[in-house]
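Reader: Please take a close look at one part of this model, the interface between the two chains. I would like the cut-offs stated along with the values.

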Amino acid sequence: MSVVLGISALYHDAAAALVVDGEIVAAIQEERLSRIKNDPSLPFRAASACLHRAGLEARDIDTVVYYENPYAKLERVLLSLMRAFPRTWRQFPRALGSQLGSKLWVIDQLAEGLGVERKRVEFVSHHESHAASTFLCSPFEDAAVLVVDAVGEHASTSIYRGKGAALTGLQSVDYPHSLGLFYAAITAFLGFRVNEGEYKVMGLAAYGTPRYRDEFAKLLLAKDDGSYKLDLTYFAHHIGVENGFSRKLESLLGPRRPSHRPWNLGTDEDQHYANVAATLQLVTEEAMLGLARQAHTLVGSANLCLAGGVALNCVANARILAESQFDRIFVQPAAGDAGGALGAALLGAQRLGEGRPKALSTAALGVELDLSRALNVATEMGLRVRRVDSPADAVTAKLAAKRIVGIASGPSEWGPRALGQRSILALPQERDVRERLNRVIKEREVFRPFAPAVSAERSSEFFLGVDGDMSPFMTTVCSVREAHMESLHAVTHVDQSARVQAVTAQGAPLLHEILAGVARHNDMPIVLNTSLNGRGEPIAASATDVLSFFARHPIDALLIGDLMIERGS
Amino acid sequence: MSVLTRIGHRLRTVGGLLRFFMHRQRFFFLPLLLVLLVAGLLLAATGGLSYVAPFVYTLF
Amino acid sequence: MVDMLEAARLTPSVERAALYLRHAADESRHAKLFLARSAEIRREQGHAPLASPTADTEGLFAALGEEFFLAFVHLGEAVALGQFRIYIDYFEAKGQSANHALLAGISTDECRHEEYTRSLLVALSGSEDAAKKAISRARRWRAWRAWRRIGRNLSGGLHGLLMVSLYIICAPLALLIRLVTPPKGGWRQLK
């Protein structure tokens, strides 16, 4: 039996993933357990939760694989600090203090913290772990693999060839030229928090028109061979400043948007920012198309695997599927840095002689629910709890009665989206539901759309562009069919698109059953699906998190396992 | 784990770092390594950057 | 709040878990009230509201064990209550009724927190004396933390100063690096 633990940490989204005998057994992000959003600290909680799920202990681990090369990282940080001399004088003490004081010693800290011999702790390169996380879990025998993120050690964009179980690196674009940092800089310009706000910018883009093409052409110069170059005078990430953009950018695009000012798209000012977002999105999509074209030229496969933070841009993914020469695209749900843990574990398993795992069919790889504890704590809190024989029927009944219901079933999801394991559900046809959810429960910006979950078998009746590889994991967008736009108003974005989750029985069994029940009620197996968490929190994972959410937010009912909890005592 | 084991680990990492830079075979990395060494010593001498949170709990 | 959630998750007792969850819900509500009041004040002054802070945590429950954790929280609540009383009197004297009402409302909750943590501590430690000892220990620990904080700030300053000097000495190295490895864009072959 071979046991490999993969770890990603220290920058954003720490996570641990466990691969036993070449198969994925558990994968958990640290934020779900520490309850700190995007928690970057060493994922000891996640690691022990993974081991616990497999019934193993630290001494059973054969190898621990860390997702990047700490020496190469340090090299790049130093080079970058020196290149931009003397403007980096402020960052120099901080950056070196952080690297030498803590990050360089990650291998030692992992060995000590996990209780594993140091010689059993290895590392792989950042982009390689991303590439492995997507290709090795994909259903493809061969594929081109494109990794696009902010930066790994040196590379910010790379193309790999995947064939069988082998991954070969072909080309890369290096820091400081980075599509991920380009997107992040404009995200910060628009007043959002970097690494969290990119997703919101993608939703905002649909409200604007891309009228700043000329200005953006100055920021990012795309070449015919798919590669690109940034005009660094507009950016500041290479100087080490948090914001990532310079004053020159503000003189080009206008002043930055102050963060946390409420959005009002009726004003000219906010409309201008929406136009900036729209241009950013368009330019990014075109850059991704260029990269995909180059990947196809180099590798020649009909399949593409995507990874890295920019692969979470599902609007771009949909365009690549529609317009590039690739027939199929696969994006692993935790495409960001957390996914590196999974890739690292799979690469480690390969080194021990294991083959590829079965293709990923569900994202339910995380924390399981302790139902007896849930029952006891809920009772102790004075909540109205009862056991139900058919959880799916109980939820469907509530949904049909126009209620907002939270569901917690099975292991928690891997990746940033809720896929039916820790979700809040409601019928999309109800107009005031979207308002209530956005304003009162999730407290999000007004332009944020909600996403539909539809049963995979009937998805093409209601949506165009649903595919079999990305839609189960919500990593692409589809468009809503004309005939149903009225009734699906709550989950249709302003540009008639929807971030569909095509639910299969294997991917999310309870949700699939609920959708069947909803179809019996109104012939539309579609529900509005949003994640079970409040503003600024990670998605709920354990039973305690789920109950805590119910205690603090006014949803109507909560299903946890086979327990139905309702308001009132 | 004993202090000696921890020191052993740290030394292995330093060894890995040296091997990495030698593998790169570029002469200008030597001054870079020197910078690292001095920075590391300064860090150790000034007590590192251990984090002690101001306890905001008192307000909530 | 995050520490209370961790406590609720890790404590072996279901009754205590329920109490910690209620405490966390209270803190979360207080945070919202403070944020709302802050936004109101900012609006009156003609500014946009401030960014909402993220909760801070140190994993105290796991690090301290339940008994010492309770002593620490109890002490924190007691100190907060003392500070609030000063503010409440101040706002009352100045006639700022909104701020006064906000803090008065919150301090009733804090009072309850102070009491329940004390009774839990007495129950868990076994006696009044043991509880008093734990609270004194918590007081000493807080003083030690303040001392560490001062030390850290001082050494941080010294570190910064020394590093900047090192940085200035590195000027020729920076020049060398810029000559030898300029950041050109485009593809780099990997094989």
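**The interface of chain B with chain A**

Between chain B and chain A about 1900 Å² of area is buried, and carbon and sulfur atoms give 74% of it; buried area is the accessible area (1.4 Å probe) that two parts lose on being put together, summed over both. The model is predicted: local features need pLDDT of at least 70, side-chain atom pairs count only at pLDDT 80 or more, and totals for chains, interfaces and linings use all residues. Residues are numbered from 1 along each chain as its sequence is written, chains are lettered from A and ligands numbered from 1 in the order in which they are written, and side-chain values use heavy atoms, with hydrogens and water left out.

In the interface, 21 residues of chain B are in contact (heavy atoms within 4.5 Å) with 24 residues of chain A.

Three salt bridges are counted between the two chains, a salt bridge being a side-chain nitrogen of Lys or Arg within 4 Å of a carboxyl oxygen of Asp or Glu. One salt bridge joins Arg6(B) to Glu112(A), with the closest N and O atoms 3.0 Å apart.

On the side of chain B that touches chain A, the elements giving two or more residues are helix H1 (3–24) and helix H2 (29–45) of chain B; helices (H or I, at least four residues) are DSSP runs, numbered from the N terminus. H1(B) gives the most to this side, with eleven residues. By class, this side of chain B has 13 nonpolar, four polar and four charged residues, where Ala, Val, Leu, Ile, Met, Phe, Trp, Tyr, Cys and Pro count as nonpolar, Asp, Glu, Lys and Arg as charged, and the others, Gly among them, as polar.
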